[in-house]
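Morning, everyone. Have the sequence and the model open, please. I'll go through a few places one by one.

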Amino acid sequence: MPQTAAIQLSNLRFRWRQGLPEVLNISELEVARGERVFIRGASGSGKSTLLALLAGVNLPTNGEVNILGQAISQLNGSRRDHFRSDHIGFIFQLFNLIPYLSVLENVALPCRFSRSRRLNATRSGNTLHDEARRLLEHLGMADDDLIHRPVTELSVGQQQRVATARALIGAPEIIIADEPTSALDSDMRQLFIRLLFQECERTGSTLLFASHDKQLESLFERHITLEKINRIGQELG
Amino acid sequence: MAILSLAFKSLLNRRFTASLILLSIALSVSLLLGVERLRVESRNSFANTISGTDLVVGARSGAINLLLYSVFRIGDATNNISWSSYRSIADHPKVAWTIPLSLGDSHMGFRVLGTNRDYFLHYRYSSKRRLSFHAGGPFEQVYQTVLGYEAAKALNYRIGQRIVIAHGTGKTSFTLHEDKPFEVVGILNPTGTPVDRTVHVPLEGIEAIHQGWIAGRQLAGLQISAEQALERDLTPKALTAFLVGLKSKLATFQVQREINDYRKEPLLAILPGVALQQLWDLMSVAENALLVVTALVVTIGLVGMLTVMLAGLNERRREMAILRSVGARPRHILLLVTGESLLLSLVGIAIGLLLLYGGLLVAQPYVESHFGLYLPITLPAPREWFMLGLVGTSGLLIGLIPGYRAYRYSLADGMNIRI
Amino acid sequence: MTRTKRGFIVLSISLAAGIYQTVNAEQDAHIHGEAHLLIALEGSSLQIEFLSPAMNIVGFEHRPQNETQAQSIESAVATLNQPNLLFKLPSTAQCNPVVVEVEPPFNHEPEHAGAEESDEHSEFTSRYQFQCQEAARLERIGIEIFRHFSGTQAIEAQSISSSGQRSQELTAERNTLDL
């Protein structure tokens, strides 16, 4: 089976609503499987909008988004939700966790909604919580005391690592991280990204990492500057 | 289902608000069921009071009125009926037995009923159960009395004790028939009917204590001792009412008509079962009003839940976005929020049932001793299950409102975290 | 304070009863459109008495003044004489009519000439007795009176059976009497 690209966009145009100006106009973008891509863009450059399109939460006004060879706009809403939960893990900037669930339950959460990720996660014969624990261990959260703490009492760095474990569980093909490090201090950032890389490599996941932090750029093999590929002026967004 | 366990955990996380909602739903549910229980049990209690009596006869007034004062000792007769009328009906060839009833006096707040020994022989309650004695036996002489179980218990009376009857039915009657005390010769077993709160004396006893009385007053200077009274003719001159048992029930309507057409005196004969049903028809208006009010209380409880759920929704948009990002579909969000309301309603119902049974346990002896109403502790009746089902369904439907809003939010917000 | 609480209940019930009385003053009130059924079942005997204002039966309440009116009365009596038309008894109860008595109104000469007949309400009265071999199967009776006498809107039925006394309001739609 020929490997399709992880992400492939062509002639993508997007506006929020009819009558509003376009926010995105990208003629071409392709990300290969296993690639680690840094997407740089100032806030308001349409970065979050692009990520929402890649995730299939929003549909392009024109053009097509292909994820893992699947044209997203050909799926109906429910299928898109399915597709997303099966193939994409997310890490947000802040407050990624469900406050009323435990650390392990937070990590295992995607497996409640995606059968394929549940199967992936338990393939080795592990229970979901074993797998969650294993991922947390890899991310430096082996401490039992930490794991049993209410998530609201974890530090920001710890929360982001829990969120990362959650994005990785069940080995989705694509990880989308939207400013995941902006709340961390710079030492933590380096460590966090290294752990993230390590895990993506292990699972073979493609990583899209959106940030406006130039210092991190050098750690990535490929950089995309949104202002360069987006034909719409950066004052819009 | 996985989503419901999320809903449960989410509620647990907001346990303070959740328990307030639970409390209001539980209280309203227990109120609803409590009112229903009272309604059903008071009906049963009324229906069980008289059995096997074909006709009740009294002075002409209203059917319900006659039933209430003669059988339930509620209210007073407006008129008496004469002894001769009673005798001529009692001697009617189709009449098997009669129980004369003479009311109007009291003892320590308990009604005194003048009757004869046929009362102990023919009176039936519940499903044709007859009276039985806890101690002693029926009265045989003029100044003897048989107490209902509860009256004896409340006043702590024993066989052989002497009691004084008060004139009139007020609790604090100052005119006592002190000169003619009655000896307690029998105490009846409990029946769960007004019999339990009745002091029974012979008709002749009623007549004897009123010797020398006219129109409720003792004539000045006319003292007739207990012994002197015995020598007089103690045949009663009047009765309050009497119960009739017929040889054949087929004759009921005919005898009823004959009594109602009785020429010497305006009499009223009623079928107690029919009069009781008329009473229900009458009471059902009040009962339904009460039921509507309690249903409104339940509605208020559910609306309280709705308010809290809606108010909390905006703060939860982040939570919804996170759930969406890990693969929850909008319908999962709908299910989560609606499920929370459903869980609250169901747990509220369960706690309401617990409160009801706890309340019944506590109130049972009190209600029985103060209102003569026995509240059995039984599983919910079909009608009560139906009511509970209705509350649960309403909870579900009401939960759809915040559920649908959350659904709309999650469609609009997607994974964008707005807050 | 048993007394005061009971007193309150007494007061409210008697008040209600008082109101009811004024409404329900006359038991056997002659109200057009309404009729009475008295039903008693004991052993194998079933007795039914049907009382109805003539208005419900023939549409007028005076002596027949012409041939048509006389015929209406005759045909009403004929119908009333056929209890199987009026009462639907379960066939399993195996009931047979043994007594049928129909008393039409206006049978007697007025006591003195010029009596104000029109003020006098006149009633049809009929009595039936059935013998039922399986009286235990007699749990309900279908009342077909509404079908034959369309002037009848409601029947107040009182019944006596081994299950007790009861009263039921019957209409053309709700025409089954439970015993």
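Start with two helices. Helix H5 (residues 128–138) of chain A packs against helix H8 (residues 186–203) of chain A at an angle of about 135°, and their axes are 10 Å apart. Axes here are lines fitted to C-alpha atoms, for helices over the stretch in contact, and angles run from 0 to 180 degrees between N-to-C directions. Helices (H or I, at least four residues) and strands (E, at least two) are DSSP runs, numbered from the N terminus. H5(A) and H8(A) are therefore oblique to each other. On this scale, angles under 35 degrees are roughly parallel, over 145 roughly antiparallel, 65 to 115 roughly perpendicular, and the rest oblique.

Which residues meet there? From H5(A) come A:Arg134, A:Leu135 and A:His138, and from H8(A) come A:Leu195, A:Glu199 and A:Arg202. They divide into two nonpolar, one polar and three charged. Ala, Val, Leu, Ile, Met, Phe, Trp, Tyr, Cys and Pro count as nonpolar, Asp, Glu, Lys and Arg as charged, and the others, Gly among them, as polar.

A word on the source. This is a predicted model, where local features need pLDDT of at least 70, side-chain atom pairs count only at pLDDT 80 or more, and totals for chains, interfaces and linings use all residues. Residues are numbered from 1 along each chain as its sequence is written, chains are lettered from A and ligands numbered from 1 in the order in which they are written, and side-chain values use heavy atoms, with hydrogens and water left out.

Now the cores. A nonpolar core is a set of buried Ala, Val, Leu, Ile, Met, Phe, Trp, Tyr and Cys residues joined through side-chain atoms within 4.5 Å. Buried means under 20% relative accessible area, exposed over 50%, partly exposed in between (1.4 Å probe, protein chains only). The largest core has 46 residues, and A:Leu109 and B:Met305 are among those with the most contacts inside it. Helix H3 (103–113) of chain A is one of the helices that each supply at least two residues. H12(B) gives the largest share, nine residues.

Take B:Met305. Beyond its neighbours within four places in sequence, its contacts include B:Ile21, B:Leu344 and B:Ile398. Contact means heavy atoms within 4.5 Å. Another core, of 38 residues, lies apart from the largest one and includes C:Leu41 and C:Phe149.

Back to H3(A). Of its 11 residues, 10 are buried, so H3(A) is largely enclosed by the rest of the structure. A:Leu109 and A:Phe113 are among the buried ones.

Which chains touch? There are two touching pairs, and chains B and C make the most contacts. Chains A and C have no contact, and their closest C-alpha atoms lie 52 Å apart. Look at C:Gln158, in strand E7 (residues 154–161) of chain C. C:Gln158 counts as buried, at 7% relative accessibility. Its contacts include B:Phe253, B:Leu271 and B:Val274.

Last, confidence. The predictor gives the complex an ipTM of 0.82 and a pTM of 0.70. For each residue, its confidence is the pLDDT, from 0 to 100. Chain C has a mean pLDDT of 80, with 75% of its residues at 70 or more. Where pLDDT is low, the predicted coordinates should not be read in detail.

Conventions: pLDDT = per-residue confidence, 0-100.
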